[in-house]
Amino acid sequence: MEQSFIDNYKRSLAKYLPAAAVDSVFNYLAQHSVHLHITRERYSKLGDYRWPRQGHPFHEISVNGNLNPYHFLLVLLHEMAHLDTWLQYKNSIQPHGHEWQANYARLINLYLPLFPTDVSVLLQRYTARIPLSRTIEKQIDAQLRHYNPDYTPSQDITLNDLTPGTRFHIASRPDHHFQALEKRRTRWICLNLADGKKYLVSGTVVVVTE
């Protein structure tokens with residue numbers, strides 16, 4: 001791998017990650033031959049992992065590019081934990097079972113010093129025991145929003161805070177009007193009031209009720 005390529009890759013990572021995380025993240029991606037895709041904002045998910053398969057011989061991780069550096073790092077660690085778990089167990093376990101949770105907690109603790117104190121305190125509580133706490137996870141998501149460049153207190157309301165039947169629009173897309181129908185694990189089935197179609201929307205997306 002040429003040094004110029006390495007330098008350019010690290011400069012690209014530095015646009016999305018805390019500066020202190022760039023070298024170790026690069027080393028991980030290089031070690032496992034990961035293709036990292038920085039995507040536009042997706043309302044259904046913040047990131048994903050795909051294992052090597054026919055026609056796609058590399059590990060692939062995608063992360064939404066609109067996240068602040070600390071949120072981007074945490075989502076990346078989530079997907080790296082999927083990769084580590086796949087290497088250990090392939091597809092023989094549940095995607096977010098105890099094995100994945102243990103790997104995720106391990107990676108979070110490795111990178112813990114790189115997060116702001118208010119976030120790292122929550123992360124320490126989050127990783128203290130398995131199974132991981134969904135309640136603390138929601139608190140972490142809320143605290144991470146404080147580091148968005150355009151953060152305002154009104155952004156503390158997410159889809160997860162609503163009850164079924166509530167009408168809302170996504171804060172970053174005020175022209176998209178929905179009705180929350182049913183929660184499915186980390187996402188909600190929502191009715192698009194303009195076209196009558198149903199969509200899966202991440203429960204962590206910031207919303208404005210109507």
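Predicted model: local features only at pLDDT ≥ 70, side-chain atom pairs only at ≥ 80, totals over all residues.
Residues are numbered from 1 along each chain as its sequence is written, and side-chain values use heavy atoms, with hydrogens and water left out.

**View A. Helix 4 from end to end.** Helices (H or I, at least four residues) and strands (E, at least two) are DSSP runs, numbered from the N terminus. Ala102 lies in this helix, at residues 98-111.

**View B. The buried residues of helix 4.** Buried means under 20% relative accessible area, exposed over 50%, partly exposed in between (1.4 Å probe, protein chains only). The buried residues of helix 4 include Trp100, Tyr104, Leu107, Ile108 and Tyr111. Their cover includes helix 2 (22-31), helix 3 (69-89) and helix 5 (117-126). Ala102 has a relative accessible area of 39%, so it counts as partly exposed. An α-helix has 3.6 residues a turn, so residues three or four places apart point the same way.

View C. Three strands form it in the order 1-3-2, with mixed pairing. Strand 1 (34-39) and strand 2 (47-50) are the edges, each pairing on one side only. The twist averages 15° from one strand to the next. Strands pair if DSSP finds at least two bridges between them. Six bridges join strand 1 and strand 3 in the parallel sense. His37 stands opposite Ser62 in strand 3.

View D. Glu60 sits in strand 3 (residues 59-64). Its relative accessibility is 15%, so Glu60 counts as buried. A polar contact is a pair of N or O atoms within 3.5 Å; within protein, one must be able to donate a hydrogen and the other to accept it, and residues adjacent in sequence count only if both atoms are side-chain atoms. The Glu60 side chain makes one with the side chain of His37 at 3.2 Å. Another, of 3.5 Å, joins the side chains of Glu60 and His56. Contact means heavy atoms within 4.5 Å. Beyond neighbours within four places in sequence, Glu60 is in contact with residues including His35, Asp48, Tyr49 and Arg53.

Terms used
Axes fitted to C-alpha atoms, helices over the stretch in contact; angles between N-to-C directions.
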